[in-house]
Amino acid sequence: MKDLVESVELGVSQRKGVIITKPKVWLKNEYVRVGFAESLCTYVMMVFGLGSVAQVVTGQGAFGEYLSINLGFGLSVAMGVHVGGKVSGAHMNAAVTLTMCAFGRLAWKMLPLYVFAQLLGSFLAAGTIYAVYYEAIHDFCGGNLTVTGVKATAGIFATYPAPYLSLLAGFIDQVIGTAMLLLCLMALSDQKNKPAAAGSEPVAVGLLVLLIGISLGSNSGYAINPTRDIAPRVFTAIAGWGVDVFRSGNGWWWVPLVAPPIGGLLGAGLYKALVEMHHSPFSEQGEELVEETTPLGKQDNICANVCV
């Protein structure tokens, strides 16, 4: 039967004058493929996200307002998931990666690769937006690159707390924001609950980020992502804003670095403890359900399971 099928296919291809060749795989090393994909999807997400902030700040409200930034980051996350979703899972966030490792959905040995790729993509995106908006930034601030004040521009690249926000309140803000992110991501990927429809995952995740921005964003800019914040912050320190990017906000820089991983673990753990662990082993038709989530580190293709 197999020979018959092959001969039929060969006959069809010959009649149509088509030569069937196997596609070339340029990168056979899975880790390299994953690293490139994760770096690129993070880069895409950050270019669009930071670009939306730069346009609002330098345009002084003429080219958008706070909602524009929310929409920009929401859509940028969706595009990032499209770019790397089937290769790396498009985490684009070290808090997501850490949580996936902690809950057995990604091998721990992959954590350094993901974090490095996310840092690289975020740093390069910050450099790209600085180059694109270089003249606009300098025209807006008169060449004086500052972190605080009415002409501050460091906030284009990294997050800073509102003047009224204490470090403790900001820490709680980041923990809760990231907890909501991971709680909802776990729900969106839970095949025994009401997951996002196949093919709609990028839009669903983008809408989730948009929702967090318009509800939990005003205190400190909803970083909810360590690599998204620290890499552009380092870039601004090098590019001319100096060490003030680490001093501002009573030394705010460490909060979006430490709080999101804690929040991610809490949010995912809450969903697992209150929902996922209590699914019925049988479907509504009385058929036994088979576990569909396999730890990424145990699959032949280490990133075949998209976490979002």
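This report describes the overall fold, a surface patch and one serine of a predicted model.

## Basis of the model

Because the model is predicted, local features need pLDDT of at least 70 and side-chain atom pairs count only at pLDDT 80 or more, while totals for chains, interfaces and linings use all residues. Residues are numbered from 1 along each chain as its sequence is written, and side-chain values use heavy atoms, with hydrogens and water left out.

## Overall fold

The protein has 11 helices and zero strands, where helices (H or I, at least four residues) and strands (E, at least two) are DSSP runs numbered from the N terminus. Of its 308 residues, 46% count as buried, that is, under 20% relative accessible area with a 1.4 Å probe and protein chains only. Among contacts (heavy atoms within 4.5 Å) with a separation of 6 or more, 75% are between residues 24 or more positions apart.

## A nonpolar surface patch

Leu67, Leu71, Leu75, Leu211 and Ile214 form a nonpolar patch on the surface, together exposing about 490 Å² of accessible area, as given by the Shrake-Rupley method with a 1.4 Å probe. Helix H3 (66-84) and helix H8 (201-216) each supply at least two of the patch residues, and H3 gives the most, with three.

## Serine 52

Serine 52 lies in helix H2 (residues 30-58) and is buried, its relative accessible area being 13%. Its side chain reaches the backbone oxygen of glycine 49 at 2.5 Å. Once neighbours within four places in sequence are set aside, serine 52 is in contact with Ser68, Ile69, Gly72 and Phe73.

Note on methods. Patches are made of residues with over 30% relative accessible area and no salt bridge: like charges are joined within 9 Å, nonpolar side chains (Val, Leu, Ile, Met, Phe, Trp, Tyr) within 5 Å. A salt bridge is a side-chain nitrogen of Lys or Arg within 4 Å of a carboxyl oxygen of Asp or Glu. Buried means under 20% relative accessible area, exposed over 50%, partly exposed in between (1.4 Å probe, protein chains only). A polar contact is a pair of N or O atoms within 3.5 Å; within protein, one must be able to donate a hydrogen and the other to accept it, and residues adjacent in sequence count only if both atoms are side-chain atoms.
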